[in-house]
Amino acid sequence: MTTVTDPTFRSYSAEEAKLYSVSRLSYSQNVHNKVLDHHTTTGGNFDLLLDVGCGPGNATRDLSLSFDKTIGADPGAQMSKAANALGGKTKSRKSIKFMVATTEEISQIKGLEPGSVDLLTTTMAAHWFDMAKFWAKAAKVVKPGGTVALWTCDLSTLNYEKVQQVLLRFERETLVPYELPGNRLSMDMYDNLPLPWNSEYVKYDYDREGVLSNESKDLSTASIVTRWRATNPELVGTDKDAVKVFIGELKEVLGGQDWILRGMGTAILLFKKSA
């Protein structure tokens, strides 16, 4: 499979990383509970969490409250800097360790012993990995009986046929020139994500959570939108900004209201390393 390494997030400036950290909301506690419940019921321990592709650490901080020690790794220097600025504590009140490391380097993280990770997570990031290399490194660091949890999300709406048409036009017409293979893996809810050591895994698919939200902040930090704005800097913030046009079209089909009832279609993949 072609490598789909992300060229966007790892190149973020300090300002972009800060915007990402405040614009991206935490993931639903229901998602975290599903991952933690599976880990518990399959015999997992709660000593060490490793979050790969952690960005500014939003999911890392939430999950770390269940573990004694936590490491967050991201290839973006500014993302890691933003994560460290925000900080975070574990269940045992130890500070989360955020560091710069690519997927290929996780087995070389200082202080991370082979076979020591109880739960390895990656949230909205696996579609940018060289999965063959990721699984090889995961096999080294995850302990026997440990869990690997991957999940991704995509926008969904409730009972709005016209809204869905606007969403699809934005995705398939406006942004398609800036789409990379990783974007498509995520949009397809990891149906085609390369699998690991064995094919035994659990997958959960959810259509929506149902929240009221203005979409513009979330969309502005999407990698595909970042690339559109890098190519069209003169349009950013104007009435021709792709996100502004999209939000305007949504308002029109919604009769002028500036919010929609939406949710995140979510796919969670859970793997166990043989004991």
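## Buried rings in a predicted model

A residue is called buried when its relative accessible area is under 20%. By that cut-off, F129 and F134 are both buried. Keep in mind as you look around that this structure is a predicted model.

Averaged over the protein, the pLDDT is 81, and 80% of the residues reach 70 or more. Where pLDDT is low, the predicted coordinates should not be read in detail.

## Aromatic pairs

There are six aromatic pairs in the structure. A pair of aromatic rings is described by the distance of the centres and the angle of the planes. For F46 and F67, the centres are 5.0 Å apart and the planes stand at 40°, so this pair is tilted. The two partners come from distant parts of the chain, 21 residues apart: F46 belongs to the loop between helix 2 (29–41) and strand 1 (48–52), while F67 belongs to the loop between helix 3 (58–64) and strand 2 (69–74). F67 has a relative accessible area of 0%, so this residue counts as buried.

F129 and F134 form another tilted pair, with 5.2 Å from centre to centre and 35° between the planes. These two rings also take part in a cluster, where ring pairs link F129, F134, W135, Y201 and F271. Elsewhere, a charged side chain meets a ring: K34 lies over the face of Y204, 4.4 Å from the ring centre.

## D118 and its surroundings

D118 is located in strand 4. With a relative accessible area of 1%, D118 is buried. Its side chain reaches the backbone nitrogen of D47 at 3.0 Å. Leaving aside residues up to four places away in sequence, D118 touches H39, N45, F46, D47, L48, F67, K143, G146 and T147. Both rings of the tilted F46 and F67 pair therefore belong to residues that D118 touches.

## Two helices with a buried side

An α-helix has 3.6 residues a turn, so residues three or four places apart point the same way. Helix 4 (77–86) has M79, S80, A82 and A83 as its buried residues. They span an arc of only 160° around the axis, and therefore sit on the same side of helix 4. K81 and A85 are exposed on the other side of this helix. What do the buried residues of helix 4 pack against? Their partners are helix 1 (14–23), helix 3, strand 2 and strand 3.

In helix 5 (residues 131–141), the buried residues are M131, F134, W135, K137, A138 and V141. Their arc around the axis is only 170°, so they too lie on the same side of their helix. Among them, F134 and W135 are also members of the ring cluster.

## Positive phi angles

R93 sits in the loop between helix 4 and strand 3 (97–100). Its relative accessible area is 57%, so R93 is exposed.

M124 is another non-glycine residue with a positive phi, about 55°. You will find M124 in the loop between strand 4 (117–123) and helix 5.

Technical notes: Residues numbered from 1 in each chain as written. Heavy atoms only, no water. Buried < 20%, exposed > 50% of the residue type's maximum accessible area, 1.4 Å probe, protein only. Helix = DSSP H or I, 4+ residues; strand = E, 2+ residues; numbered from the N terminus. Arc of directions from axis to C-beta. Phe/Tyr/Trp six-rings, centres within 6.5 Å; stacked < 30°, edge-to-face > 60°. Lys NZ or Arg CZ within 6 Å of the ring centre and 35° of its normal. pLDDT = per-residue confidence, 0-100. Polar contact = N/O pair within 3.5 Å; in protein donor to acceptor, adjacent residues only side chain to side chain. Contact = heavy atoms within 4.5 Å.
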